[in-house]
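Biologist: I would like to learn how to read a model like this one. Can we go through it feature by feature?

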Amino acid sequence: MSPVSLAFLGTMFTFLATALGAATVFLFKKDIPHGMQRAFLGFAAGVMIAASVWSLLIPAMEMAENAGSPAWIPTAGGFVLGAAFLLVLDRLLPHLHPGSSEPEGMKSSLARTTMLVLAVTLHNVPEGLAVGLAFGLAGESSAMSLSGALALSLGMALQNFPEGAAISLPLKKEGLSNTRSFVYGALSGIVEPIAGVLGVLAAGAVTGIMPWLLAFAAGAMIYVVVEELIPEANLGEHSHTGTLSVMLGFLVMMVLDVALG
């Protein structure tokens, strides 16, 4: 299969995991308990940190070295650009995090439900880019094996499931019906196949850009982790749940990548 087709299929798997998580709105009558929500957020943070290192930054360094250029230039450069990209989006795009009363970004007349969906969509852009690039690399038989790309996709799917629930249940709390909450929650993940396919197309169009894109995705994901996931996972008097969940997510993703990659 072509790299673009593989990228599309891999990111559709993570998108479906988001949709499956959003479907929990039909099972829960109320919002997720705070302890469970902290555990989900911490697990997602751990998965994203490990994926950034093993599935993105290390392959970026290896590709740069194989091309005969200093490994740190595209890795550091792409990492900074990815973080800067998310910083700009965070400042400009109106969005509202679940549990928060004040929206972030530019002032807007958008409905609270729309801004809730946009907040989760921000997370999904670098995730989709990361998975798409991994499958694109696997399709080219270069620095990433197909099993390694599958490991990354599985890790992202594991953390996308609770992420889907974390958006659909607050939407229900805002007064939307179960069906609309599910649809909006699922659609928050549709950006993943879009970002993944566009990333692979860009890598195929510009020679030598792949290490930059891999590091870009890593920088964007680490920004999300440090800016939002870890602080929200450690809310409350005791942070053990969030801390241990971060470590568990990191361990699971590391094992998946090392064992399968």
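Modeller: Start with the helix rule: helices (H or I, at least four residues) and strands (E, at least two) are DSSP runs, numbered from the N terminus. By that rule Ala 130 lies in helix α4. This is a predicted model, so local features need pLDDT of at least 70 and side-chain atom pairs count only at pLDDT 80 or more, while totals for chains, interfaces and linings use all residues. Residues are numbered from 1 along each chain as its sequence is written, and side-chain values use heavy atoms, with hydrogens and water left out.

Biologist: How many helices and strands does the chain have?

Modeller: Nine helices and zero strands. Along the sequence the pattern reads α-α-α-α-α-α-α-α-α. The radius of gyration is taken over C-alpha atoms, and the globule rule is 2.2 Å times the number of residues to the power 0.38. Here the radius is 18 Å, close to the 18 Å that the rule gives for 261 residues, so the chain is as compact as a globular protein of that length. The C-alpha atoms fill a box of roughly 55 × 35 × 30 Å along the principal axes.

Biologist: Is Ala 130 buried or exposed?

Modeller: Buried means under 20% relative accessible area, exposed over 50%, and partly exposed in between (1.4 Å probe, protein chains only). Ala 130 has a relative accessible area of 0%, so it is buried. Of the 261 residues of the chain, 50% count as buried.

Biologist: What does Ala 130 touch?

Modeller: Contact means heavy atoms within 4.5 Å. Not counting residues up to four places away in sequence, Ala 130 touches Leu 56, Leu 152, Ala 217 and Met 221. Leu 56, with neighbours within four places left aside, is in contact with Ala 51, Ala 130, Leu 214, Ala 217, Ala 218 and Met 221. For the chain, take contacts between residues at least 6 apart in sequence: 79% join residues at least 24 apart.

Biologist: Which residues have the most contacts inside the largest nonpolar core?

Modeller: A nonpolar core is a set of buried Ala, Val, Leu, Ile, Met, Phe, Trp, Tyr and Cys residues joined through side-chain atoms within 4.5 Å. The largest has 44 residues, and those with the most contacts inside it are Leu 56, Leu 152, Met 210, Leu 214, Met 221, Leu 229 and Met 253. At least two residues each come from α2, α4 (112–139), α5, α8 and α9. Helix α8 gives the most to this core, with 14 residues. Apart from this core lies another, of eight residues, among them Leu 96, Val 117, Val 120 and Leu 176.

Biologist: Which residues of α9 are buried?

Modeller: Check the length before the faces. The expected span of a helix is 1.5 Å times one less than its number of residues. For the 21 residues of α9 (residues 240–260) that is 30 Å, and the end C-alpha atoms are 30 Å apart, which agrees. Buried in α9 are Gly 242, Ser 245, Val 246, Gly 249, Met 253, Leu 256 and Asp 257. These cover an arc of only 105° around the axis, which puts them on the same side of α9. The arc is that of the directions from the helix axis to the C-beta atoms. The face turned away from the buried side carries the exposed residues His 240, Leu 244, Met 247, Val 258 and Ala 259.

Biologist: What do the buried residues of α9 pack against?

Modeller: They pack against α2 (34–66), α5 (146–173) and α8 (210–233). For α3, what covers the buried residues includes α2, α4 and α8.

Biologist: How many aromatic pairs are there?

Modeller: A pair of aromatic rings is described by the distance of the centres and the angle of the planes. Rings of Phe, Tyr and Trp (its six-membered ring) pair if their centres lie within 6.5 Å; planes under 30 degrees apart count as stacked, over 60 as edge-to-face and the rest as tilted. The count comes to three aromatic pairs. Phe 26 and Phe 182 have ring centres 5.8 Å apart and planes at 50°, so the pair is tilted. Phe 26 lies in the loop between α1 (3–22) and α2 and Phe 182 in helix α6 (residues 178–187), so the pair ties together parts that are 156 residues apart in sequence.
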